[in-house]
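Subject: Handing over the structure, with notes

Dear colleague,

I am passing this structure on to you, and I would be grateful if you could read the notes with it open. The sequence and structure come first, and the notes follow.

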Amino acid sequence: MSAVHGDSTRAVHAGQPAPVPGEPFLPGPVFAAPFHLPGDDPGAAPFGYGRAGNPTWSRYESALGELEGGEAVLFASGMAACSALLLRTLRPGDVLVAPADGYGVLRALIADQLEPLGIVPRLVPSDDAAFLDALPGAALVWLESPANPFLTVLDTPRIAAAARDAGALVVVDNTLATPLRRRPLADGADASVMSAAKHLTGHSDLILGHVAVPAGGRIAADALRTARTQIGAIPGPFEAWLAHRSLATLAIRLERQEATADALVAALRARPDVADVRWPGFGSVVCFTLADAEVAQAFLAGARLVLEATSFGGVHTTAERRGRWGMEPVAEGLIRLSTGIEDTADVVADVLAALDGAGKRP
Ligand SMILES: *Cc1c(COP(=O)(O)O)cnc(C)c1O
């Protein structure tokens, strides 16, 4: 695939095998524990045992590599990808700079799994200056941009260049932006990690993750594959196939989600009962704050099209009161909404009607 093609073309064709007469466009998932492996040399066949490799993974990994501009290694979940990457790169005494306000499970992983191994966290607010100040002595800098749930966009190229000068590795969690909106490897990151459960696959029916690294970079794809084989956080072939199938619609899903987010943000900003409306200008996630937890819950209960659920990036419009998790320092009335691919006018009308209803409670 040529780099001059547009996003939709790239998403449709990424990782597709060359046409073979009588074969499907995207061959189905290969289910195997052991593969046939005769003879004395276990390296003689491309696949020997299903924990170490699978052709369905490889095909999807080559699709991801094309979109990310590097080499991708697939994992069982976004957190499996994060864990393998951190365990592979950090050693006791290493300082890990990470966002104080990003994805909460990463902070829990750092506290419960990495600190006991002697890794020293340095948590900073998602802000360019705070990250730049935290660089001296760091071994690895973990960025999330836009960061969840405040949707701050960081100057990734600038932080990556400064981190490189300071001798630190740079990882970007690109779950929210996807490689169609931001390419961390082109921005100078040593690795891009993503959960595929969100925009990337978009159908709310699977959990999967990956790490992408640049060819010849400071983190080797081979080392990550070995970590995957040893830790065993491997994807199922069916999930990998579903994910590859879903990738084809990524660009058109994002276009509709963003058109709806744009219209919704304008409508929300015009209302006096809605505060602090945030949208980074791409992707499906919009955050806004209602009077209190009660009004927020009434809004969610009153909406008909907006499904109450966590997560984001799917074809259905979803929302939740983020404070219900108690994981992030957010206002009690903060709603995180993810626009789906329903008709824009229907979603905006449903949200506005639910806000009107929530405000009218006795
Ligand atoms: C969901 C998410 C993860 C974790 O991914 P899973 O696939 O759920 O393990 C990591 N980072 C961000 C920003 C996420 O939204």
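This is a predicted model: local features need pLDDT of at least 70, side-chain atom pairs count only at pLDDT 80 or more; totals for chains, interfaces and linings use all residues.

Residues are numbered from 1 along each chain as its sequence is written, and side-chain values use heavy atoms, with hydrogens and water left out.

The ligand

The ligand is surrounded by 13 residues, the closest being G78, M79, D173, S195 and K198, where a residue counts as near if one of its heavy atoms lies within 4 Å of the molecule or strand in question. Some of these residues also make polar contacts, meaning pairs of N or O atoms within 3.5 Å (within protein, one must be able to donate a hydrogen and the other to accept it, and residues adjacent in sequence count only if both atoms are side-chain atoms). A nitrogen atom of the ligand lies 2.6 Å from a side-chain N or O atom of D173, while an oxygen atom of the ligand is 2.8 Å from an N or O atom in the side chain of S195. For M79 it is a backbone N or O atom that lies 2.8 Å from an oxygen atom of the ligand. Taken alone, the ligand exposes 380 Å², of which the protein buries 92%; accessible areas come from the Shrake-Rupley method with a 1.4 Å probe, and for residues only the protein chains shown count as cover.

Helices (H or I, at least four residues) and strands (E, at least two) are DSSP runs numbered from the N terminus, and two strands pair if DSSP finds at least two bridges between them. Strand β5 (residues 169-173) runs parallel to β6 and is joined to it by three bridges, with V171 opposite A191. Strand β7 (residues 209-213) runs antiparallel to β6, with four bridges, and here V193 stands opposite V211.

The five-stranded sheet

A separate topic is an open sheet of five strands in the order β8-β9-β12-β11-β10, with mixed pairing; its edge strands, β8 (275-278) and β10 (307-308), each pair on one side only. Five bridges join β9 to strand β12 (residues 334-338) in the antiparallel sense, and F288 has I335 in β12 as its bridge partner. L337, found in strand β12, is buried at 0% relative accessibility, and its contacts (heavy atoms within 4.5 Å) include L264, V286, F288 and V351.

Aromatic pairs

Rings of Phe, Tyr and Trp (its six-membered ring) pair if their centres lie within 6.5 Å, with planes under 30 degrees apart counted as stacked, over 60 as edge-to-face and the rest as tilted. By this rule there are three aromatic pairs. One of them joins F35 and F47, whose ring centres are 5.6 Å apart with planes at 35 degrees, so the pair is tilted. Both residues lie in the loop between α1 (7-13) and α2 (55-68), so the pair ties together parts that are twelve residues apart in sequence. F35 is buried, with a relative accessible area of 18%. Another pair is F288 and F299, with centres 5.8 Å apart and planes at 75 degrees, so this one is edge-to-face. This pair links strand β9 (residues 285-289), which holds F288, to helix α10 (residues 293-302), which holds F299, eleven residues apart. F288 is buried at 0% relative accessible area, and F299 likewise counts as buried at 0%.

Helix α8

Helix α8 (residues 237-247) is largely enclosed by the rest of the structure, because eight of its eleven residues are buried. Among the buried residues are P237, W241 and H244, and what covers the buried part of α8 includes α1, α2, β1 (71-75) and α9 (250-269).

With best wishes

Methods: Buried means under 20% relative accessible area, exposed over 50%, partly exposed in between (1.4 Å probe, protein chains only). Lists of a residue's contacts leave out its neighbours within four places in sequence.
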